[in-house]
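Dear colleague,

Please find below the structure I am handing over to you, together with its sequence. My findings follow directly after it.

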Amino acid sequence: GCTDRNGTMGIQTSSDVNGDGVIDTDCNRNMVPDDLADVAKKACVNGKAQEFYGLDDECVLFTTNVNVPNMVGRPIALGKGTEDGTPSDAWAGCYNDAKFFRIDGATGLTKAQAVLPNPPMGQAGPKSNPYGAVIDAKGILWATNLGGGLRYFDTNQPAMAGAARDPKGYALGGYGITLDRDQNVWVAGYSGGVNATPNDAYRYTPDRTKPFATLGDGFWTRVNAPGAGSGAPASSSRGIASDSRTDKIYFVWMALTAGWVLRIDASTIAAPNGIDKTVDGTNMPAMKIAGDGTIGAGVDADQNVWGVSRTGSVATRIKVDINGKMTPPDILAGISGMGCPVGNGDRCSLVLNGTMSDPQPYTYSDFTGFGLKNFTLPKGSYQYTLKGCAMGKTTWGKIIYDVTLPPGTKVTVRARSGATAVPDNTWGAFTGEYLASPADLAQKPGPLVANPAPYLQVEFNLSTLDQAVSPKLKSFEATYSCL
């Protein structure tokens with residue numbers, strides 16, 4: 001899907017060529033991010049291969065500037081995408097003037113705008129300075145406000161915007177933001193405030209009795225001093241993320257500036273039932289990680305938790321079991337620059353062959369995509385690789401499959417083929433997504449690129465608009481002929 005457009009033969013795209021776990025952005029050590037012209041002037045040190053191409057990267061589809069003159073871009077969130085499988089649109093927000101711009105995921109064109117409300121004239125309250133953003137399953141974008149409060153608008157009708165009611169009895173200063181699978185909004189407290197400590201977390205349960213009109217009438221739950229019993233200090237809370245551990249259990253994870261990641265037992269906290277309340281989080285567990293200035297917390301595909309520390313330029317993995325038990329991370333094993341995680345440990349240190357690149361990573365939103373995949377657009381995939389004929393060439397025909405589709409659910413299938421038992425870069429590209437069985441691999445949205453070929457990889461994508469129901473893939477088969 002990449003386009004040869006930079007004047008150098010072939011596709012140039014940023015990648016970890018030497019397998020050390022880091023894409024080196026300055027291989028010639030001239031303190032300038034690499035592109036083709038920069039590396040042509042000064043070669044990479046020690047004969048290293050170029051790994052970063054900047055604006056010459058041909059797999060970057062577009063770059064879009066919004067709200068010029070610059071009004072300090074901060075929050076950004078992806079929407080659900082459309083039913084035909086096209087990319088999600090991005091909503092890019094600006095801190096200074098509270099404007100959000102809808103960027104078309106396929107073209108990069110700006111096609112809509114929203115503005116978060118300030119308090120009405122004469123009323124107390126901070127002006128809108130959005131910092132983080134997340135979009136829920138109904139298309140409502142929620143934005144933290146660094147000075148306090150929670151704002152929102154409907155991405156389907158951007159002129160419809162509002163502010164959640166403030167909690168009673170305590171102040172709210174928001175930083176990172178996430179959704180849980182029950183569509184509650186979680187905010188990292190950051191600065192604390194009246195009757196609060198800076199490492200508090202806040203859950204907002206919107207009133208969804210009406211599609212939009214009552215969203216701001218929900219209730220707040222404050223988790224006070226989470227992790228304090230495990231040694232977590234009073235330190236500004238920054239990034240925040242939710243997992244989905246079992247059908248009954250889920251946790252929210254939060255980063256503290258002092259270099260800690262803590263666990264909030266979210267699924268055990270009762271619904272607010274018409275009142276704002278405070279829950280004691282002292283006995284909730286916390287873990288010290290590598291580095292300091294920890295801003296990011298994220299959940300990976302295995303539901304292990306990562307903390308990203310700006311000071312020290314290091315990321316740390318905390319292994320978490322199905323019940324939420326954390327294993328203390330091994331942050332001492334291995335040698336810096338020898339892989340990610342380093343050696344056999346649980347840290348990724350951004351030191352490249354003895355040279356500290358010191359990029360000071362800074363992230364506090366859904367940097368793994370776990371929330372988007374599971375809470376904004378609940379979706380999962382299943383892959384299986386089949387082997388064709390024992391002798392002769394294999395020509396693949398159709399994929400025939402049996403599914404159960406409750407209302408609001410969907411199953412699509414796509415395929416690719418190649419000559420190796422494990423798919424690699426020699427394989428043909430995936431077909432488009434077929435919407436119903438049988439999927440004829442010789443017809444649109446195909447055809448299959450490499451056919452005949454000895455191996456076929458089939459990928460089913462399952463999605464739901466209602467988290468109470470899921471589609472089921474019961475069986476499938478692929479037809480082929482041998483020559």
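Cysteine 44 is buried, with a relative accessible area of 10%. In this predicted model, cysteine 44 forms a disulfide with cysteine 27, and the two sulfur atoms are 2.0 Å apart. Cysteine 27 precedes α1 in the chain, while cysteine 44 sits in the loop between α1 and β1, so the pair ties together parts that are 17 residues apart in sequence. The torsion about this S-S bond is about -60°, and the disulfide is therefore left-handed. Cysteine 27 is buried as well, at 0% relative accessibility; the cut-off for that class is under 20%.

The disulfides

How many disulfides does the model contain by the rule applied? The count comes to three.

One of them joins cysteine 2 and cysteine 59, again with sulfur atoms 2.0 Å apart. The angle about the S-S bond is 105°, and the link of cysteine 2 and cysteine 59 is right-handed. Cysteine 2 belongs to the segment before α1 (36-41) and cysteine 59 to the loop between α1 and β1 (73-78), so this pair ties together parts that are 57 residues apart in sequence. As to accessibility, cysteine 2 is partly exposed, at 34%, and cysteine 59 is partly exposed, at 35%.

A further disulfide links cysteine 389 to cysteine 482, with an S to S distance of 1.9 Å. This link is left-handed, with -100° about the S-S bond. It connects distant parts of the chain, 93 residues apart: cysteine 389 is in the loop between β25 and β26 (394-404), and cysteine 482 is in strand β30 (residues 472-482). Cysteine 389 is buried, with a relative accessible area of 7%, whereas cysteine 482 is partly exposed, with 44%.

I also note cysteine 94, which counts as buried at 3% relative accessibility.

β25 and strand β29 (residues 455-464) run antiparallel and are joined by nine bridges. Which residue in β29 is the bridge partner of lysine 379? That partner is serine 463.

Another open sheet is made of four strands in the order β13-β14-β15-β17, and here too the pairing is antiparallel. β13 (237-242) and β17 (286-288) stand at the edges with a single partner strand each, so one side of each is left without a neighbour in the sheet. Strand β15 (residues 260-264) and β17 are joined by three bridges and run antiparallel. The bridge partner of leucine 262 in β17 is alanine 286.

Serine 309

The side chain of serine 309 makes a polar contact, at 2.8 Å, with the side chain of threonine 294. Leaving aside neighbours within four places in sequence, serine 309 is in contact with Ile289, Ala290, Gly291, Asp292, Gly293, Thr294, Val314 and Pro361.

In soluble globular proteins, nonpolar side chains tend to be buried together. The largest nonpolar core of this model has 30 residues, of which Trp142, Leu150, Val185, Trp220 and Trp253 touch the most other members. At least two residues of this core come from each of β6 (140-145), β7 (150-154), β9 (177-179), β10 (185-188), β11 (201-205), β20 (314-320) and α2 (370-376). Another core, of 17 residues, lies apart from it and has Trp186, Tyr250, Ala266 and Met284 among its members.

With kind regards

Notes
Residues numbered from 1 in each chain as written. Predicted model: local features only at pLDDT ≥ 70, side-chain atom pairs only at ≥ 80, totals over all residues. Heavy atoms only, no water. Pairing = 2+ DSSP bridges. Disulfide = S-S within 2.5 Å. Buried < 20%, exposed > 50% of the residue type's maximum accessible area, 1.4 Å probe, protein only. Polar contact = N/O pair within 3.5 Å; in protein donor to acceptor, adjacent residues only side chain to side chain. Contact = heavy atoms within 4.5 Å. Core = buried A, V, L, I, M, F, W, Y, C linked by side-chain atoms within 4.5 Å.
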